Amino acid sequence: MDYRCYSGNVNELPCSAAGSCSADLRAKLDKSTTSLVLKTAEGNGRFTGLNIEAVDLGDLIRRNLSLNEIFAAKKNISLELVSCPDLPPLPIDAGKINQVLNNLVGNAVKYSFPDTLVQVSVERSASDVTVSVSDQGKGIPEKELHKLFKPFGRTNVTATAGERSTGLGLAIVRKIVEGHGGQIGVRSQLGTGSTFRFSLPVPS
Ligand SMILES: Nc1ncnc2c1ncn2[C@@H]1O[C@H](COP(=O)(O)OP(=O)(O)OP(=O)(O)O)[C@@H](O)[C@H]1O
Ligand SMILES: [Mg+2]
């Protein structure tokens, strides 16, 4: 199964929200997502609005998972770091990438049933590091995938324990990842689970 990758206007509203969304709300939304300020400074590829430092991504992921384990334990869901190669320090905003992980791991737990497993893996190629978060949860219907990564892009897949859902997490995740020059993608099978993955460039 291929990953569906995303590009284009991240502020675009999914069809389901578009009808019920006033021009005023749209304007506010555009302003608030834009205020995430992930602009690439022209020419030299550096970011403004991101606090870029040399970060040990493996360490960041391990810390993130140990904190999210507390929430996952409430559903008896195990979080597992399946693979993580040695990585060079990456020029990323640790706080923002932590936010990406919080939403992807949080979603994996939120849309999964108790007693399942969430697996995180990290792969490295010459040009990128890719982080995948896989769950054994509800999965997302193919015809709903287009709603993801857009503000208020909730699908008909609901949380398994009544957790809150605003539908903003993935839109923010996408802004952050693209702000780092990376890409985000998903593959999902209804009733089996989902894998969300994002890549971050490794400077040459
Ligand atoms: N791992 C997953 N499994 C199944 N459905 C998912 C998964 N992740 C996201 N979704 C679907 O995509 C929608 C959008 O996710 P997103 O993270 O943007 O918002 P949310 O989790 O509903 O709310 P929040 O703003 O608190 O993150 C969810 O409402 C859900 O329908
Ligand atoms: Mg979320």
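Student: Is Ile70 buried or exposed?
Tutor: In this predicted model, Ile70 counts as exposed because its relative accessibility is 52%. Exposed means over 50% relative accessible area, buried under 20%, and partly exposed in between, with a 1.4 Å probe and protein chains only.
Student: Where is Ile70 placed?
Tutor: Ile70 is in helix 3, residues 57-73; helices are DSSP runs of H or I with at least four residues, strands are runs of E with at least two, and both are numbered from the N terminus.
Student: Which residues form a nonpolar patch on the surface?
Tutor: Leu67, Ile70 and Phe71 form it, with about 330 Å² of accessible area together. Accessible areas come from the Shrake-Rupley method with a 1.4 Å probe, and for residues only the protein chains shown count as cover.
Student: A change of topic: where is Leu168 found?
Tutor: Leu168 lies in the loop between strand 8 (128-135) and helix 5. Leu168 is partly exposed, at 27% relative accessible area.
Student: How far apart are Leu168 and Leu148 in space?
Tutor: They are 9.5 Å apart, C-alpha to C-alpha, and 20 residues apart in sequence.
Student: What conventions apply here?
Tutor: Residues are numbered from 1 along each chain as its sequence is written, and chains are lettered from A and ligands numbered from 1 in the order in which they are written. Local features need pLDDT of at least 70, side-chain atom pairs count only at pLDDT 80 or more, and totals for chains, interfaces and linings use all residues, while side-chain values use heavy atoms, leaving out hydrogens and water.

Note on methods: Patch = residues over 30% accessible without salt bridge, like charges linked within 9 Å, V, L, I, M, F, W, Y side chains within 5 Å. Salt bridge = Lys/Arg side-chain N within 4 Å of Asp/Glu carboxyl O.
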